[in-house]
Amino acid sequence: MNKEAVIKYLSLAAKAASLLVGAAAYSDLIPAKYAPLAVIIFGLASVAKDTINRIGDFLDDGVSNGSFKG
């Protein structure tokens, strides 16, 4: 598996985690006492997704120009 494929899969996993945790934080999927933790996890997942996309963009063609679509 090449590094572009790995970055795309990591990006997909981060997007899925971000979506699931975000949805859980703002719905009745989790108890209210865990909502603050879920919001923190949602934020971390969002940052991870953006970081993975930025790394993938740089590894794609060596320039941070938005050419990578993970």
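A residue is called buried when its relative accessible area is under 20%, exposed when over 50%, and partly exposed in between, as judged with a 1.4 Å probe and with protein chains only. By this scale leucine 20 is exposed, because its relative accessible area is 60%. The structure is a predicted model, in which local features need pLDDT of at least 70 and side-chain atom pairs count only at pLDDT 80 or more, whereas totals for chains, interfaces and linings use all residues. Residues are numbered from 1 along each chain as its sequence is written, and side-chain values use heavy atoms, with hydrogens and water left out.

The chain contains two helices and zero strands, where helices (H or I, at least four residues) and strands (E, at least two) are DSSP runs numbered from the N terminus. Of the 70 residues in the chain, 23% are buried. The accessible surface, computed by the Shrake-Rupley method with a 1.4 Å probe and, for residues, with only the protein chains shown as cover, comes to about 4800 Å² for the chain, and 69% of this area belongs to carbon and sulfur atoms. Among contacts (heavy atoms within 4.5 Å) between residues at least 6 apart in sequence, 52% join residues at least 24 apart.

Helix H2 covers residues 35-61. The 27 residues of H2 reach 40 Å from the first C-alpha to the last, close to the 39 Å expected at 1.5 Å a residue, the expected span being 1.5 Å times one less than the number of residues. H2 is followed by glycine 62, whose phi is positive, near 80°. The buried residues of H2 are Ala38, Ala45, Ser46, Ile52, Asn53, Gly56 and Asp57. An α-helix has 3.6 residues a turn, so residues three or four places apart point the same way.

Leucine 20, which lies in helix H1 (residues 3-25), is 25 residues from alanine 45 in sequence and 10.0 Å from alanine 45 in space; alanine 45 is itself among the buried residues of H2. Isoleucine 41, in H2, and serine 18 are 23 residues apart in sequence, with 8.0 Å between their C-alpha atoms. Isoleucine 41 counts as partly exposed because its relative accessibility is 38%.

Isoleucine 55 is 48 residues from isoleucine 7 along the sequence, and their C-alpha atoms are 8.0 Å apart, while leucine 59 and isoleucine 7, 52 residues apart along the chain, have C-alpha atoms separated by 9.1 Å. When residues up to four places away in sequence are not counted, leucine 59 touches Lys3 and Ile7. Isoleucine 55 is partly exposed, with a relative accessible area of 42%, and leucine 59 also counts as partly exposed, at 34% relative accessibility.

On the surface, Tyr34, Leu37, Ile40, Ile41 and Leu44 form a nonpolar patch with about 500 Å² of accessible area together. Patches are made of residues with over 30% relative accessible area and no salt bridge, like charges being joined within 9 Å and nonpolar side chains (Val, Leu, Ile, Met, Phe, Trp, Tyr) within 5 Å; a salt bridge is a side-chain nitrogen of Lys or Arg within 4 Å of a carboxyl oxygen of Asp or Glu.
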